Amino acid sequence: MTDDRLPDEFLRRVRHLEPAYLAHDDPIRASGFSGGPQRWRAEREPILAAVDGDGDLLDVGCANGYLLECLVAWAAERGITLVPQGLDIGPGLVESAQRRLPRFAGNIHLGNAWEWAPPRRYRYVYMLYDCVPESHLTRMTARLLDEFVEPKGRVILGAYGSRSDDIPPFDLAGFLTAAGFEVAGTAFGGDPVVTAFAWVEARTGRANREPGADKRQATTANG
Ligand SMILES: C[S@@+](CC[C@H](N)C(=O)[O-])C[C@H]1O[C@@H](n2cnc3c(N)ncnc32)[C@H](O)[C@@H]1O
C-alpha cells in the first residue's frame, strides 16, 4: 500500500472517462477506442505475446470488460485458457464488465489501482501505463510486481498512441529500463505502430531492487 493519493486533477480526468465510455453501445467505443474492429484486434492482440500459458489475467483499468472478453477468445484460438479478472475505478464500468462476463462477475472489482489491495495474485497483470501519472509509474510497477503478480507471473504494461493524431506510443521499454526494471519482452501493434507493450517477469523483475545493483543487467527481447 502507498501512503499518498493520486493527484485530484488526475483522478478527475480519469473519472470523466466513465460517462464518455458508457454513452456508447458499441463495446469497442465503450472501451475508449474509435478505430473499429479490425484495428482493435491488430492493436490489442499483441498483448498475447506476453502470454505463454494458461492462467488468470487481471486487466487493471478493464472498462467494460471487452478487452478481457477478446483476450480470452483470442488466447483460446491459440489453445491457451485465460481466466478474466478486472479492476476499474468507474462503478458503472465495473457493472458493465460484470454483465459482459457474468460467469466471472465476482472477478471484476471496483477500485483505484494506486490504492487497491488485491485479494489474490494473478499470473498476468496488464495495465495501461497511464492508469497513474508518469511520476507514479515506477512505484506502481513495483507494487504490481510485489503484490499483484504470482511468483512466476508477468506484469505487462501497455501504451496506446493515436493514429489520427500521428502520436506514437509511449516508450515503455525505455522507461522501464531507465527505472531499473528488467524488460523480458516487447510487442507492438498497428501499421504504423500505434500500440506498445512491455513486460517484466516477477522472478527477475527489478534489476536494481537491491541498493547498488547493476542496472546494466537490464535486457530487452522482442516477443
Ligand atoms: C482506455 S480504457 C482501457 C480499457 C482496456 N483495458 C483496454 O486497454 O482497451 C482505461 C480504463 O482505465 C480505468 N482507469 C484509469 N485509471 C485507473 C486507476 N488508477 N484505477 C482503476 N482504473 C483506472 C478507466 O476508468 C478506464 O475504464
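Thr186 stands opposite Ala198 in strand S7. S7 (residues 195-201) and S6 pair in the antiparallel sense over six bridges; two strands count as paired if DSSP finds at least two bridges between them. The loop between S6 and S7 holds Pro192. The peptide bond that joins Asp191 and Pro192 is cis, with omega about 0 degrees.

The model is predicted: local features need pLDDT of at least 70 and side-chain atom pairs count only at pLDDT 80 or more, while totals for chains, interfaces and linings use all residues. Residue numbers start from 1 along each chain as its sequence is written.

## Confidence

The protein chain has a mean pLDDT of 91, and 91% of its residues reach 70 or more. pLDDT is the predictor's confidence in each residue, on a scale from 0 to 100. Over residues 210-223 pLDDT stays under 50. For that stretch the model has 26 contacts beyond four places in sequence, two residues being in contact if their C-beta atoms, placed from the backbone, lie within 7 Å.

## The sheet

Seven strands make up an open sheet of mixed pairing, in the order S3-S2-S1-S4-S5-S7-S6. Its edge strands, each of which pairs on one side only, are S3 (108-110) and S6 (183-189). From one strand to the next the twist averages 20 degrees. Helix H3 (residues 66-77) packs on the sheet, where it touches S1 (55-60) and S2, and its direction makes about 165 degrees with that of S2. Axes are lines fitted to C-alpha atoms, for helices over the stretch in contact, and angles run from 0 to 180 degrees between N-to-C directions.

S1 and S2 run parallel and are joined by six bridges. In this pair, Asp56 stands opposite Val83 in S2. S2 is largely enclosed by the rest of the structure, because six of its seven residues are buried. A residue is buried if 20 or more other C-beta atoms lie within 10 Å of its own, exposed if 12 or fewer do, and partly exposed in between, with C-beta atoms placed from the backbone.

S4 (residues 122-128) also pairs in the parallel sense with S5, over six bridges. Here Tyr122 stands opposite Val149 in S5. Nine of the 12 residues of S5 are buried, so this strand too is largely enclosed by the rest of the structure.

## Ligand shell

The ligand is surrounded by 21 residues, of which the closest are Gly32, Gly61, Ala63, Ile89 and Ala113. Helix H1 (8-22) and strand S2 (82-88) are the elements that give two or more residues to this shell. H1 supplies the largest share, three residues. A residue is near a molecule or strand if its C-beta atom, placed from the backbone, lies within 6 Å of it.

By type, the shell divides into 13 nonpolar, five polar and three charged residues. Ala, Val, Leu, Ile, Met, Phe, Trp, Tyr, Cys and Pro count as nonpolar, Asp, Glu, Lys and Arg as charged, and the others, Gly among them, as polar.

## Residues with positive phi

Ala63 is found in the loop between S1 and H3. Although not a glycine, Ala63 has a positive phi of about 50 degrees. Ala63 counts as buried, because 25 C-beta neighbours lie inside 10 Å.

Asp166 lies in the loop between S5 (149-160) and helix H6 (172-178). Asp166 is not a glycine either, and its phi is positive at about 55 degrees. With 9 C-beta neighbours inside 10 Å, Asp166 counts as exposed.

Leu71 is found in H3 and is buried, with 22 other C-beta atoms within 10 Å. Apart from its neighbours within four places in sequence, Leu71 is in contact with Ile47, Leu48, Leu57 and Leu82. Leu71 and Asp26 are 45 residues apart along the chain, and their C-alpha atoms are separated by 17 Å.

Asp8 lies in H1. Asp8 is exposed, with 8 other C-beta atoms within 10 Å. From Asp8 to Val72 the separation is 64 residues in sequence and 34 Å in space, C-alpha to C-alpha.

Note on methods:
Helix = DSSP H or I, 4+ residues; strand = E, 2+ residues; numbered from the N terminus.
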